[in-house]
Amino acid sequence: MTTRDQIVHVALSFNGNGNGDGYDHANPFSQNLGRPAEAWCGDFVTDIYKRAQLPLPSMQQWCRTGFAYCPAAVAFGQEHHATRDSWQAEPGDIVLFNWNNDKIADHTEIVTAYAGGELLTIGGNSGPSNVDDYHGQGGVHRHRWSAPAGHGNDLIMTVLDTSKIVGFGGPAPLTSPAKPLTAG
């Protein structure tokens, strides 16, 4: 039975994978899911759960497991009352970022820890790292985000409380499938 710590262990085992590779390159996460490589931050999160033998439910139309489009994950979390603030994050939760301050999620990573007002994450195709001293673009890297309790970090849009969408140490809770996104 998979635990939060096992999710983090699997994710951290890929730290440094693909240093310097960007969106246009093959990566093991998209390939393992049978998806094209252009959406690989969502593929990284989805595939880590698959590799840890606790697949995410479908959060997006056309995805058998998890998501490739970050706004679909946000909508799924909201629909299933599975969101929380960054200072409430636990290892294995899914964090979604809003880089452009436009209320649309642009990137996703997996929480590895929260302590002392800092959120630690690991993500795919996330650019330079501020934890493992890697300063190139692309690949899998650890990150540290200031996220003081009660305030968080303006770049962090939401955190998905994964205990509400998968069953750590047991079967996954029943959830309804994701609704298709409307073209805007």
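**Exercise 1.** In this predicted model, work out what covers the buried residues of α4.

*Solution.* Start with the cover: it includes α3 (40-51), β1 (83-84), β2 (94-97), β3 (107-115) and β6 (156-160). Next, pick out the residues being covered. With buried meaning under 20% relative accessible area, you get Cys70, Pro71, Ala72, Ala73, Val74, Phe76 and Gly77. Now put that against the length of the helix: 7 of the 10 residues in α4 (residues 70-79) are buried, so the helix is largely enclosed by the rest of the structure. Last, step just past the end of α4, where histidine 81 has a positive phi of about 50°.

**Exercise 2.** Trace the sheet: what is the order of its strands, and which ones sit at the edges?

*Solution.* Go across the strands and you read β1-β6-β2-β3-β4-β5, an open sheet of 6 strands with antiparallel pairing. The edges are β1 and β5 (140-146), each of which pairs on one side only. Now zoom in on the β1 edge. Its pairing with β6 is antiparallel and runs over 2 bridges.

**Exercise 3.** Which strands do α1 and α3 lie across, and at what angle does each run to β3?

*Solution.* Take α1 (residues 4-12) to begin with. This helix lies across β1, β3, β4 (118-124) and β5, and it runs at about 120° to β3. Then do α3, which lies across β2, β3, β4 and β5. Against β3, the angle for α3 comes out at about 55°.

Methods
Residues numbered from 1 in each chain as written. Predicted model: local features only at pLDDT ≥ 70, side-chain atom pairs only at ≥ 80, totals over all residues. Heavy atoms only, no water. Buried < 20%, exposed > 50% of the residue type's maximum accessible area, 1.4 Å probe, protein only. Helix = DSSP H or I, 4+ residues; strand = E, 2+ residues; numbered from the N terminus. Contact = heavy atoms within 4.5 Å. Pairing = 2+ DSSP bridges. Axes fitted to C-alpha atoms, helices over the stretch in contact; angles between N-to-C directions.
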